[in-house]
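Open the model in your viewer and keep the selection panel at hand. The tour goes from the whole chain to single side chains.

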Amino acid sequence: MNYFIKKYYKILSQLDNYKNDIINLDKKSGNKIYSKYINELDNLLLQKYVKFEKLLGEIKED
């Protein structure tokens, strides 16, 4: 189970890094064409972090 948690967290971290890269691209471009992608990634990350916390809670209960 520990392996799964590490891999899941690594994927979430990568998504967060991609989001930061897109934010930097958005700042460089100046015309905010990437804003919709940033919002999509934020929503996805929020959903996945909530799920991750639930999984951790279930593991701690066992």
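What follows is a list of stops, each with something to select.

**Before you start**

This is a predicted model: local features need pLDDT of at least 70, side-chain atom pairs count only at pLDDT 80 or more, and totals for chains, interfaces and linings use all residues. Residues are numbered from 1 along each chain as its sequence is written, and side-chain values use heavy atoms, with hydrogens and water left out.

**Stop 1: the whole chain**

Show the protein chain as a cartoon. Helices (H or I, at least four residues) and strands (E, at least two) are DSSP runs, numbered from the N terminus. Switch to the C-alpha trace: along its principal axes it spans about 50 × 15 × 10 Å.

**Stop 2: surface and contacts**

Of the 62 residues, 18% count as buried. Buried means under 20% relative accessible area, exposed over 50%, and partly exposed in between (1.4 Å probe, protein chains only).

Now the contacts (heavy atoms within 4.5 Å). Among those with a separation of 6 or more, 57% join residues 24 or more positions apart.

Colour by charge next. There are 12 positive and 9 negative side chains, and the centres of the two sets lie 6 Å apart. Lys and Arg count as positive, Asp and Glu as negative; His and the chain ends are not counted. Each charge is placed at NZ of Lys, CZ of Arg, CG of Asp or CD of Glu.

**Stop 3: the aromatic cluster**

How many aromatic pairs does the structure hold? It holds four. Rings of Phe, Tyr and Trp (its six-membered ring) pair if their centres lie within 6.5 Å; planes under 30 degrees apart count as stacked, over 60 as edge-to-face and the rest as tilted.

Select Tyr-8 and Phe-52. Their ring centres are 5.4 Å apart and their planes at 5°, so the pair is stacked. Tyr-8 lies in helix 1 (residues 2-29) and Phe-52 in helix 2 (residues 35-61), so the pair ties together parts that are 44 residues apart in sequence. Tyr-8 counts as buried at 15% relative accessibility. Phe-52 counts as buried at 6%.

Tyr-9 is partly exposed, at 44% relative accessible area.

Ring pairs link Phe-4, Tyr-8, Tyr-9 and Phe-52 into a cluster.

**Stop 4**

Pick Tyr-18, in helix 1. Its relative accessible area is 49%, partly exposed. Draw a distance to Ile-38: 9.2 Å, C-alpha to C-alpha, across 20 residues in sequence.

Go to Gln-14, also found in helix 1. Gln-14 is partly exposed at 35% relative accessibility.

Finish at Lys-60 in helix 2. At 70% relative accessibility, Lys-60 counts as exposed. Lys-60 and Tyr-9 are 51 residues apart in sequence and 16 Å apart, C-alpha to C-alpha.
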